[in-house]
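Please keep the structure open as you read.

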Amino acid sequence: MDVSVKDLRTYARCPLEWFWERRAGLMRPQTIAALVPAAIRAGLAFFYGGHANDLPASVGLVWQDWCEGWGEASLARDLAEYAIGRAKILNLFATGHVHRPDGGRYAVPEMTNEYRTRMHEAGLTHRGHKLDEFARTHKLLPSDEDDRPGSAMGDAFAKSMASAERVAPDLPARDVVLGWQVPFQVDLGIGVHLTGAADLVVQAANDPSGVVLEVHDFEELTWIRAGLAGRDLRVIAASLAQPMPSLDRSEGAVTWERVGQVSFRHWPTGQAFTFRETNSGHLAGLVAAIARGMRHHVVIPRAVTGYDDCRPCVYREHCWEGANWDTLPLIDEGMLGYASDLHNVTQRIQQALGSERPESGRMLTALHELDEALQLAGAPTDQADLLSAVRHGLEEMDRNEL
Ligand code: SF4
């Protein structure tokens, strides 16, 4: 079974989100927030591909292309003017010219009345609303988006430009970057292949066969710690990454023998952490559990804990509008019945074997391994999957007996 790191994270966040995308085949709705990572990733490809002198210029080019694609080339200028005005106001907060009544700094200036007032006085509220009207007519912004002092679209532009400027001096040089968005796989030895993509692959210093893989994160957090980054499934997967076998042989393919380090780069704050060792057991355990859930279509919607947890989700109208909630596909009854039948059969065989005869011990061990392999494979209904689970179980038994 192949599972991507992206699917793994989606399922872990909300199994129903995974279901809409992977089983119901719904196209993921476009969001303004997703434009920030998209602009930076495309900008990195421009920059490392040698099409612009620096990253901010590359990201600017990406937005310019998008505006032309939306049929409104002049929008790029409006976005740039909005970003300049917004940056001036935020700078007043950053330098302490605007502060809390007790003299302290505001943690999130954009949430304050002071920011709202200054945006209004600078004419950025009106300008921002016009930008968002455009975004709505191009289905980039849902109609029920919260009212804000500025513009969701303008903020996305400003954030991607500010992140690019902040991070650019710390990026690896062009001559040591081997590739970007490079696909990889991880064989965890549990019958599941994990697939993913490294944001950057960088040549390791003093090790011609080694690389440093970069994982880029765009979650809007005001702070990030090494401990959090080290637990990130993308970081653990990257530390175990092997090049895709099909790419190995193609000319110019990015390949490596060792991942020496993984760098986790958090674009909103500009912080980066480096890891040499990660907890692969943690990843294997999670992948096994999630793969089992996916195979059985175990779908527990995050919505059961209330609307607040669903607020940032792109599928909230599918889950929350009208009678949708009552028709949600939670668990596949057929698969559940199949799993319990299979368990009953193995239990009956175990009872029939007993533990008296000398050969029983070996057969019981085989049955136990087989049961575990079937559990891991998610009680497969497909004959090929079933045979592969049986083979895996028997191989495991052989290994344990050596
Ligand atoms: S709206 Fe809530 S329950 Fe539905 S997919 Fe999103 S997070 Fe899951």
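This is a predicted model: local features need pLDDT of at least 70, side-chain atom pairs count only at pLDDT 80 or more; totals for chains, interfaces and linings use all residues.

α6 is followed by G123, whose phi is positive, near 80°. Within α6, which spans residues 113-121, the buried residues are Y115, R118 and M119.

What covers the buried residues of α6 includes α5 (75-94) and α7 (124-137).

## The chain as a whole

Stepping back, the chain has 16 helices and seven strands. It holds 402 residues, of which 30% count as buried. Taking contacts between residues at least 6 apart in sequence, 64% join residues at least 24 apart.

## Around the ligand

Which residues surround the ligand? They are C14, L16, E17, P301, R302, A303, C310, C313, Y315, R316 and C319. Two helices, α2 (15-22) and α13 (316-320), each supply at least two residues of this shell. By class, the shell has eight nonpolar residues, three charged ones and no polar ones.

## How α5 meets its partners

Two packed helices are described by the angle between their axes and the distance between the axes. For helix α4 (residues 55-69) and α5, the axes come within 8 Å and cross at roughly 135°, which means that α4 is oblique to α5. On the α4 side, the contact is made by W63, Q64 and C67, and on the α5 side by L75, A76 and L79. The contact of α4 with α5 has five nonpolar residues, one polar residue and no charged residues.

The axes of α5 and helix α8 (residues 152-167) come within 9 Å, with a crossing angle of roughly 75°. α5 and α8 are therefore roughly perpendicular to each other. Here α5 contributes L79, Y82, A83, R86 and A87, while α8 contributes G154, F157, A158 and M161. Sorted by class, the contact of α5 with α8 has seven nonpolar residues, one polar and one charged. L79 of α5 takes part in the contact with α4 and also in the contact with α8.

## The start of the chain

In helix α1 (residues 5-13), the buried residues are V5, L8, T10 and Y11. Their cover includes β1 (2-4), α2, β3 (193-203), α10 (233-239) and α12 (280-295).

How do α1 and α2 pack, and at what angle? Their axes are 5 Å apart and the angle is about 130°, which means that α1 is oblique to α2. D7, T10, Y11 and R13 of α1 make the contact with P15, E17, W18, E21 and R22 of α2. The contact of α1 with α2 divides into five charged, three nonpolar and one polar residues. E17 belongs to this contact and is also one of the residues around the ligand.

## A buried leucine

L283 is found in helix α12. Is L283 buried or exposed? L283 counts as buried because it has 21 C-beta neighbours inside 10 Å, and the cut-off for buried is 20 or more.

Leaving aside neighbours within four places in sequence, L283 is in contact with L188, L233, I236 and A237. For I236, the C-alpha atom is separated from that of L283 by 6.9 Å, although the two residues are 47 residues apart along the chain.

K139 lies in the loop between α7 and α8. K139 is not a glycine, yet its phi is positive, at about 55°. K139 is exposed, with 10 other C-beta atoms within 10 Å.

Q181 is placed in strand β2 (residues 177-187). The phi of Q181 is near 50°, a positive value in a residue other than glycine. Q181 counts as partly exposed because it has 13 C-beta neighbours inside 10 Å.

Technical notes: Residues are numbered from 1 along each chain as its sequence is written. A residue is buried if 20 or more other C-beta atoms lie within 10 Å of its own, exposed if 12 or fewer, and partly exposed in between; C-beta atoms are placed from the backbone. Helices (H or I, at least four residues) and strands (E, at least two) are DSSP runs, numbered from the N terminus. Two residues are in contact if their C-beta atoms, placed from the backbone, lie within 7 Å. A residue is near a molecule or strand if its C-beta atom, placed from the backbone, lies within 6 Å of it. Ala, Val, Leu, Ile, Met, Phe, Trp, Tyr, Cys and Pro count as nonpolar, Asp, Glu, Lys and Arg as charged, and the others, Gly among them, as polar. Axes are lines fitted to C-alpha atoms, for helices over the stretch in contact, and angles run from 0 to 180 degrees between N-to-C directions. Angles under 35 degrees count as roughly parallel, over 145 as roughly antiparallel, 65 to 115 as roughly perpendicular and the rest as oblique.
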